[in-house]
Amino acid sequence: MRITKTVLNRQEIAERVAALGRQITADYQGRKLVLLGVLNGAFIFLADLARAIDLEVEIDFIRAASYGNGTASSGAVVLRNEPDIDLAGKDILIVEDIVDSGLTIAWLREHFLRTHQPASVKVCALLDKHERRSVAVQVDYVGFTLASGFLVGYGLDYAQKWRNLPEICEAAS
């Protein structure tokens, strides 16, 4: 794999994350909000987003995956851990780096609604990419909508590499 071009630069990302933070702040005034980051990819986005939200929030992480070390979804979602925070009666905002096939987000939304009795479950994704969408899902807060490309950087990886890039770049073999 090699990087072929920068798709989103640092400033574009920072401006959009700030705008998402303002929107989420307005939407969740007076509510009990839990940001639930999907590791490993969402950790950078969640850190920046949390600082852009002007509310008292709780933050926790889960590990869910459908990719492994490949470039396409395996089709099976694996949840490796549950949150430590009690989610009953709270508003959950699942924070994801990218919604691609839709499988992981659809599975997570249903899982948390079924097993944790939250007040609500919504999704915030830095990237909403429809190229390989196989399940219809609602992404409530979208950073950027992209048509195609294999992306790395700002938390996104290929085989656990390139997460630390400050931009989002397209990569190819």
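In which loop is Asp100 found?

Analyst: Asp100 is found in the loop between strand 5 (91-99) and helix 3. Two notes on the ground rules before going further. Residues are numbered from 1 along each chain as its sequence is written, and side-chain values use heavy atoms, with hydrogens and water left out. What you have is a predicted model, in which local features need pLDDT of at least 70 and side-chain atom pairs count only at pLDDT 80 or more, while totals for chains, interfaces and linings use all residues.

The Asp100 side chain makes a polar contact with the side chain of Arg132, at 3.1 Å. A polar contact means a pair of N or O atoms within 3.5 Å; within protein, one must be able to donate a hydrogen and the other to accept it, and residues adjacent in sequence count only if both atoms are side-chain atoms.

Now step back into strand 5. That strand is largely enclosed by the rest of the structure, because 9 of its 9 residues are buried. Strand 5 pairs with strand 2 in the parallel sense, over 5 bridges, and 8 bridges join strand 5 to strand 6, again running parallel. (Two strands pair if DSSP finds at least two bridges between them.) Ile94 is a handy landmark in strand 5: Leu36 stands opposite Ile94, and Ile94 stands opposite Val123 in strand 6.

Asp60 touches Leu35, Leu36, Gly37, Pro83, Asp84 and Ile85, leaving aside residues up to four places away in sequence; touching, or contact, means heavy atoms within 4.5 Å. Asp60 is buried yet has no salt bridge, and the nearest side chain of opposite charge, Lys90, is 9.2 Å away. For charges, Lys and Arg count as positive and Asp and Glu as negative, while His and the chain ends are not counted. A salt bridge would need a side-chain nitrogen of Lys or Arg within 4 Å of a carboxyl oxygen of Asp or Glu. What the Asp60 side chain does reach is the backbone nitrogen of Ile85, at 3.1 Å.

Leu39 and Asn40 are joined by a cis peptide bond, with omega about 5°, and Asn40 lies in the loop between strand 2 (33-39) and helix 2 (43-52). Gln117 has a positive phi of about 50° although it is not a glycine. You will find Gln117 in the loop between helix 3 (103-116) and strand 6 (120-129), and at 52% relative accessibility it counts as exposed. Gln160 likewise has a positive phi, near 70°, in a residue other than glycine. Gln160 lies in the loop between strand 8 and strand 9 and, at 45% relative accessibility, counts as partly exposed.

Those last two strands belong to an open sheet of 3 strands with the order 1-9-8 and antiparallel pairing. Its edge strands are strand 1 (2-8) and strand 8 (150-152), each pairing on one side only. The twist averages 40° from one strand to the next, with axes taken as lines fitted to C-alpha atoms (for helices over the stretch in contact) and angles running from 0 to 180 degrees between N-to-C directions. Strand 1 is joined to strand 9 by 5 bridges, whereas strand 8 and strand 9 (residues 168-172) pair over 3 bridges. Ala171 in strand 9 is the bridge partner of Ile3, and Phe150 stands opposite Ala171 too.

Glu170 is also in strand 9, and it counts as partly exposed because its relative accessibility is 22%. Beyond residues up to four places away in sequence, Glu170 touches a list that includes Ile3, Lys5, Ser148 and Phe150. Glu170 and Ser148 are 22 residues apart in sequence and 9.4 Å apart in space, C-alpha to C-alpha.

Note on methods:
Helix = DSSP H or I, 4+ residues; strand = E, 2+ residues; numbered from the N terminus. Buried < 20%, exposed > 50% of the residue type's maximum accessible area, 1.4 Å probe, protein only.
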